[in-house]
Amino acid sequence: MFKNLKVYSLNVSVTLALAILLAQPFYNGSVHAQLIYTDEVVEVKISKGSSDTNNTQFYAPPEVQVAAGNSIKWTNNDNIIHTVTQGKPSGGGNPAGFNSGPIQVGGTFEHFFDESGSVDYYCTIHPHMIGKVIVNPY
Ligand SMILES: [Cu+2]
């Protein structure tokens, strides 16, 4: 009887050890993901009348700070379409960067920022509309 018990407990130990070994990478992965992905979404509004160069506000606020691992959501509060396009108007945009394409009236565009740094963006339809995102290390 003792002999059977010993074999049984050895099997349980081996099974547990294997389970811990196998689970380890997944465990590390989920901890990593928790550190990076948070729920914060910073809001930027596209002001009414933004197509007019004499408007007092375009992207509001024009500069925002976020910690890496957070998103920004732009909402088009104007009555015509706009874009949120990474880069500077003079540089013709950053083809590797984000680009909302046309954001419809009342529509939104969300972008996730995973690297720290300073990110310029503008509206390709109205290049006088410029904005900046400062992404701080998390
Ligand atoms: Cu625009």
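A residue is termed buried if 20 or more other C-beta atoms lie within 10 Å of its own, exposed if 12 or fewer do, and partly exposed in between, with C-beta atoms placed from the backbone. The model is predicted: local features need pLDDT of at least 70, side-chain atom pairs count only at pLDDT 80 or more, and totals for chains, interfaces and linings use all residues. Residues are numbered from 1 along each chain as its sequence is written.

Of the 138 residues of the chain, 20% count as buried.

Strands of a sheet pair through backbone hydrogen bonds, either parallel or antiparallel. Here two strands pair if DSSP finds at least two bridges between them. An open sheet of 4 strands has the order E2-E1-E4-E6, with mixed pairing. Strands E2 (59–60) and E6 (108–113) stand at its edges with a single partner strand each, so one side of each lacks a neighbour in the sheet. Strand E1 (residues 41–46) pairs with E2 in the antiparallel sense over 2 bridges, and Lys-45 has Ala-60 in E2 as its bridge partner.

Strand E8 (residues 130–136) pairs in the parallel sense with E3 (residues 63–67) over 5 bridges, where Val-66 stands opposite Val-135. With E7 (residues 117–122), E8 pairs in the antiparallel sense over 6 bridges; Tyr-121 has Gly-131 in E8 as its bridge partner. The covered face of E8 carries Gly-131, Val-133 and Val-135, whereas Ile-130, Lys-132, Ile-134 and Asn-136 lie on the uncovered one.
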